[in-house]
Amino acid sequence: MDSNSELRPGDEGFDGFRMRLPEDCVEYMLFIIGEKSDDGLPSLEAVRKAADKKLMELAKDYIWQREPFKLETKIQKGSGLSYLHGTTHYGDNVEDEWLIVYLLRELTKSFPNLWVRVSDSDGEFLLIEAAKVLPKWLSPENDTNRVWIHQGKLLIIPLDDAQPNKNLTLTSAISTIKSAPSTLLHSPFIEAESFYRLEKYPSAITSSTHHALVTIPRKLAYILHSRPQSIAPATEAFYLRDPVSLKPLLFPSSTAPLIFPPTDLITISIRFTKVLYAQLKSQHFSPPPPAWKPLLHAAEVEAATNPTSEPAQKKLARLELGMKLTTGFELLCSGNKAETHPNRVVREVALLLEDLAEDGEDNILPTDEQIEKEWEDTKREDDDSWMGIDYTQFEKELAGSGGNTKAPKSGKKAERGFGDASTQADLQKIVERFEAFLNDENAGVEGAVLGDEDDDDDMMDVDDDDDEMDVDEEREDEDREVSFDEEQFQRMMREMMGLPGDDGKSSSAQPATTTTTIQDKGKQKAAVIEELGSEDDEEDEGDEAEKIQQMMHQFESELKGLGALDLDPKATTTERRIKEVGSSSKEQEEDDENEEEEVDIDYNLAKNLLESFKSQAGMAGPAGNLLGLMGVALPRDEENDSDADEDTTMAVEGKGKEKA
C-alpha cells in the first residue's frame, strides 16, 4: 500500500497505525464468524488444538528455519471480536511459509465457520502468485484485507462502488463477511494460481529433508539426537557469524574452554533441511578454529596423497562439515547465551548441557554399541547432487525440450534433470508465461501494457481532458507551420548515395538497409515532388528539385539492382550467383529451375537471422534466444566454413564493383 494513502491521525476512519511486518515474516489470523445463537459454533481453543493436532499429523519433528507455527488468542480493536493470531519468521526457507498456508487451508476444510487471512512482508502474497490472472481493478493499492481462505477456497471481497480505490480495514472486512458473504468473489483461475505451490504437499514435507554423515564430538551427537530441531539455530549462528563472535573460538583461553572440543569424534548421520544443508555446505570457513587444525591438516594430506581414493575425500568432507556444525553450536551456546535465547529449543539445549555438567558426561553419553542399537538411521547418507546444476540440461529445460527424453532401456537409469522436480516445474511455468507474453496478440506498436496503464486515461478529470485537447490542437498547428528544408534533404541524399557534397568532399557513409516497399518509395517520391512543385516561384528551387529527382531515380535503380526492392520471394540472379560460388561441383549439375522451386523462403530474413546468430560467436544473443523459443537449434559456425564465407563475400564485392 502506498504510504500516501494511509490514514493519519485526524482522518475519518483512523483506528491506529498499521503494524509493518519485518522481512521474511508471515502473519496469519483465524476468525470464527457466525451467529452467536448457533450451538455448533466451535470455540477458538478447539480450533487451536485442532491446528496443533493437524501439524503433528502432517509435520512431526519438522525443522523450522527460525520460528515454528504458533497461535495465540487476541481481541480485535473496535469490535471486541476474539480471534487466533500468529506470526512466523521463516528466514531463508520460504517453504516454511507455504507449509503454514497448506496447514491453514486444510484446517478451514474441517471448520465451516472458520475464516483465515494470511499475509507477509510483501503484502497479499497469494495474489502475487496469481498476478497473471487478476482482474485489473485489483491492485496492491486496494487489496489489503480482501483475500480470505474459507472451506479450502480463496475468496476476494469486491470493491466498494462509493470508494473503489480505498483500502479495506480489517473491521470492514469482517463486517462484510458477516453481512453479505455471498458477495465475495471466487475465481477458479485465481485460486489455482495462488495455491499452485501447495500441490506438492504433503509429500514436500519429507522431501525437503536431507541426511548427511558428519564427524562431530560425541557430546554434540547426543544433543542433536535429543533435540533435532536445534540444528536450525546452530546452522544460522554459523551462517551469520561475525569476527566478534568468532574471537573466543579463534583465540581460546583457559578461563573460557570450548563447550564441544574436537575429542571423542564419531561419524553419524544428521538430519537437515535442504536449505540448512546448503547454507552449511556452501560456506567457506578459513582459518578454522585452532583446535581443529591438526585434524583437518591430517585429513587434507591424506586426501591429497590419494586423490582418487573416495573414502579419503569423503572423510575430509565429513570432517569439514562437522567442524562447521560444531562451530555453530559453540557460537550458539557460548557465554551462557543459550539460557536466555528466545528460541525454546535453544533453552532446552542449555538445560541438557547443565545435566551433562552435573551428572558427568561418562554417565550420560551413549557408547558406540548403544548408538548402533538404539538410534535410527545412523549411517544414512542422501545424495546431494541436487545442489549442483547441469548447465547442459538447464539449457534444454529453458528451450522446453528437457522433458523430451527417450525412455531408458532396461537396466539403465533414466537421465536426471537439474535440481528437483519442483524446480523443474517452476522453470517450465516461467517459460510458458514468457512465451505467452511474446505471443500476446493484443500488444500494439507501443509495446506491452503493464498493470493499469491502459486505464489511466479513464481516471483523468474532465478539466485535464480539455487541457490535453488544447495541447493537441497547438501541436497540429505547429506541424502545419513546419516547412520543407530542401538543403537538409539534399545533403542527406548525397551522403546516402556517396556523392560529392557541395564542398567537393566525398561521403563514405555506407548505404543503410531498408525494408520500405516499392509502393512506399513511390509515395515518398511523390510527396517530395509535390512539396517541391509548390515552390515554382523561384528558379533555383526548380533546379534543385530536378537534381533530387535524378538522385532518387539513381538510388531506386541501385536498390533494384541489388534486389532490395524485389518482392519475388524466389532467389534473384545475384543470389543464384552467390550460391553458385559456394556450391560444390555436384550441386552445379542440378537444374536451376528445380532449385528455384525448392527455395520458398524470405531470403533476406533468413540471411539476417543467420548473420545475427553468427555474430553472437557462440554466446547468448537475441537471435539464438528467439530461435530457441521456437524450438530451432542451429549448429555452431565451424572453422572450416570460414574459407567458403570469405570466397562468397569476395564474390559479392566483386559483382558490386563490376556493376558500379
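User: In this predicted model, what percentage of the 660 residues of the chain count as buried?
Analyst: Local features in the model need pLDDT of at least 70 and side-chain atom pairs pLDDT 80 or more, while totals for chains, interfaces and linings use all residues. Residues are numbered from 1 along each chain as its sequence is written, and side-chain values use heavy atoms, without hydrogens and water. With buried taken as under 20% relative accessible area (1.4 Å probe, protein chains only), the share of the 660 residues is 32%.

User: How many of the 24 residues of helix 12 are buried?
Analyst: Helices here are DSSP runs of H or I with at least four residues, and strands are runs of E with at least two, numbered from the N terminus. Helix 12 covers residues 310-333 and reaches 35 Å from its first C-alpha to its last, close to the expected 34 Å, where the expected span is 1.5 Å times one less than the number of residues. The helix is largely enclosed by the rest of the structure, because the number of its residues that are buried is 17.

User: Which residue takes a positive phi just after helix 12?
Analyst: Helix 12 ends at residue 333. Just after this helix, a positive phi of about 70° belongs to Gly335.

Key: Buried means under 20% relative accessible area, exposed over 50%, partly exposed in between (1.4 Å probe, protein chains only).
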